[in-house]
Amino acid sequence: MPKTIEIIVSPAGEVSIDAVGFKGADCEKATAYLEQALGVVGKKLKKPEYTQRTKHQATQKVGG
Amino acid sequence: MAAQKCRLMLCSQPKKENTMSHFTTIKTQIKDIQALRSACTEMGLSLVQDAQARGYYENKTKGDYVIKLKGPYDIALNKQPDGSFGITSDLWEGYVEKEVGKNYGKLMQLYAVHKAIQEARKKGHLTRRSQQHDGSIKLVIAAGV
């Protein structure tokens with residue numbers, strides 16, 4: 001399973017980070033450097049199951 | 001002083017986790033001049049250190065850095081106690097907004113994109129950038145297998 005980090009930056013400059021393919025705490029570690037570098041963390045949303053990823057992504061609307 | 005203020009919400013970080021991925025939303029703060037310079041270059045604007053930003057009539061304000069706009073006013077950036085840069089400009093008549101977006105949105109967007117690419121590169125990770133239909137920019141970072 002390849003590990004990827006998907007970042008969406010809205011036209012308003014808001015950043016959403018989605019870590020895919022990581023296990024447990026690795027997930028937090030994987031994105032921590034980006035969160036720290038980019039600014040203030042607004043909210044974190046744990047995705048209950050990796051398999052629901054597609055569905056979650058579809059509902060993730062930022063800016064616009 | 002129109003420094004952008006951000007609201008910080010504390011997040012719980014449970015130790016026990018079964019999830020394999022998560023979403024994080026971040027309010028971008030400008031902290032890195034190199035990434036800011038890349039964003040300015042992409043917008044065709046120049047970034048000058050220790051300069052004066054033009055405002056209404058002959059008003060000027062000093063900036064640790066100033067983004068020189070094509071219109072009549074400029075953007076001043078001054079370092080804040082927390083290490084981020086506060087943004088100041090004369091928003092009269094929307095001249096600034098026209099070039100860098102409402103609430104500096106376009107500037108913040110490109111800054112975040114360049115900052116993320118730069119940070120990923122430091123880790124040796126490849127990044128793929130794509131433009132989305134809603135005006136967002138998507139980055140996919142390959143973080144290993």
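This is a predicted model: local features need pLDDT of at least 70, side-chain atom pairs count only at pLDDT 80 or more; totals for chains, interfaces and linings use all residues.
**Chatting through chain B**

Me: What comes just after α3(B)?
Reply: G124(B), with a positive phi of about 80 degrees. There's a glycine just after α1(B) too: G44(B) takes a positive phi of about 75 degrees.

Me: OK, on to α1(B). Which of its residues are buried?
Reply: In α1(B), residues 33–42, the buried ones are A35(B), L36(B), A39(B) and C40(B).

Me: Where do those sit around the helix axis?
Reply: They fall within an arc of 140 degrees seen down the axis of α1(B), so they line one face of the helix. In general, an α-helix has 3.6 residues a turn, so residues three or four places apart point the same way.

Me: What do they pack against?
Reply: The buried residues of α1(B) pack against β2 (46–54), β3 (60–68) and α3 (105–122) of chain B.

Me: Switching to A76(B): buried or exposed?
Reply: Buried, because A76(B) has 26 C-beta neighbours inside 10 Å. A76(B) lies in strand β4, residues 75–79 of chain B.

Me: Which residues is A76(B) in contact with, leaving aside neighbours within four places in sequence?
Reply: Among them are A53(B), T61(B), G63(B), V66(B) and T88(B). As for Y65(B), its C-alpha is 6.0 Å from that of A76(B), with the two 11 residues apart in sequence.

Note on methods: Residues are numbered from 1 along each chain as its sequence is written. Chains are lettered from A and ligands numbered from 1 in the order in which they are written. Helices (H or I, at least four residues) and strands (E, at least two) are DSSP runs, numbered from the N terminus. A residue is buried if 20 or more other C-beta atoms lie within 10 Å of its own, exposed if 12 or fewer, and partly exposed in between; C-beta atoms are placed from the backbone. Two residues are in contact if their C-beta atoms, placed from the backbone, lie within 7 Å. The arc is that of the directions from the helix axis to the C-beta atoms.
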